[in-house]
Amino acid sequence: MLPATLHKVRLVTKRQPGWFRRMLGALGSGAEASSAVDAPSPEKAEEDARFRQMSFTLAVTGLCAKLAAVDGKVNDQEFLAFRNLFPTAKGNVHSIRRMFDSAVAEDASPIRYAQQIVRLYPGRRQLFEEIFSRLLKISAIDGIISVEEQQYLWQVSETFGFSRHFYST
């Protein structure tokens, strides 16, 4: 059974705000994740933005990969859902797939990816809600959200600082 928030959050994802598209930066394209950071030089600002974008790309990819794997074997349908919900530059599809597969195979805690996003963009609740809504869609792609997926989503929602009410309503 889908949590009621799936319906509520779909409303958020329909408009795909421009800041979120810029944040994704065509996932993995190396585009800037946000406006220039106060830095001593333009080169440093550009380097910082590229680092943040790469870190964000890795974290989002890992978060989705671990979700897809939490209830067993990852299928192509889940990866395609990830690709559709987090668009990639055409030339980066194979790199993103390798990154996705590596995250699935990794022994690390899946919540570290959510923590990385929070550290990169503290206080960006709208960003966290957007990512969470897309995670819900990936978890529901096979028609049912498993108990393992529900537990994973609850941990992510806590990491993003959402109240119990947010996830359960």
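Start with residues 1-23: pLDDT stays under 50 there. That score is the predictor's confidence in each residue, from 0 to 100. The model still has 52 contacts for this stretch beyond four places in sequence, a contact being heavy atoms within 4.5 Å. Residues 28-39 also stay under 50, with 25 contacts beyond four places in sequence. Where pLDDT is low, the predicted coordinates should not be read in detail.

So much for the caveat. This is a predicted model, where local features need pLDDT of at least 70, side-chain atom pairs count only at pLDDT 80 or more, and totals for chains, interfaces and linings use all residues. Numbering starts from 1 along each chain as its sequence is written, and side-chain values use heavy atoms, with hydrogens and water left out.

Now the whole chain. Mean pLDDT is 78, and 73% of the residues reach 70 or more. Of the 169 residues, 44% are buried. Buried means under 20% relative accessible area, exposed over 50%, partly exposed in between, with a 1.4 Å probe and protein chains only. Among contacts with a separation of 6 or more, 76% join residues 24 or more positions apart. The accessible surface is about 8,800 Å², and carbon and sulfur atoms hold 54% of that. Those areas come from the Shrake-Rupley method with a 1.4 Å probe; for residues, only the protein chains shown count as cover.

Next, the core. Which residues of the largest nonpolar core touch the most other members? They are Leu-63, Phe-82, Ile-117, Ile-131, Val-156 and Phe-160, out of 38 residues. Six helices each supply at least two residues of this core: α3 (42-69), α4 (76-85), α5 (93-105), α6 (111-120), α7 (125-139) and α8 (147-159). α3 gives the most, with eight residues. By definition, a nonpolar core is a set of buried Ala, Val, Leu, Ile, Met, Phe, Trp, Tyr and Cys residues joined through side-chain atoms within 4.5 Å. Look at Val-156. Leaving aside neighbours within four places in sequence, Val-156 is in contact with Leu-63, Ile-111, Ala-114, Phe-132 and Leu-135.

On to α7. This helix has 15 residues and reaches 21 Å from its first C-alpha to its last, close to the 21 Å expected at 1.5 Å a residue. The expected span is 1.5 Å times one less than the number of residues. Of the 15 residues in α7, 12 are buried, so the helix is largely enclosed by the rest of the structure. The buried residues include Phe-128, Ile-131 and Leu-135, and also Glu-129 and Arg-134.

Last, charges. How many salt bridges does a search of the whole structure find? Seven. The criterion is a side-chain nitrogen of Lys or Arg within 4 Å of a carboxyl oxygen of Asp or Glu. Arg-125 is partly exposed, at 38% relative accessibility. Shared partners join Asp-76, Arg-97 and Asp-101 into one salt-bridge network. In α3, Glu-46 and Arg-50 are also four residues apart, and their closest N and O atoms are 2.6 Å apart in a salt bridge. Finally, Glu-106 bridges to Arg-112 at 2.9 Å between the closest N and O atoms.
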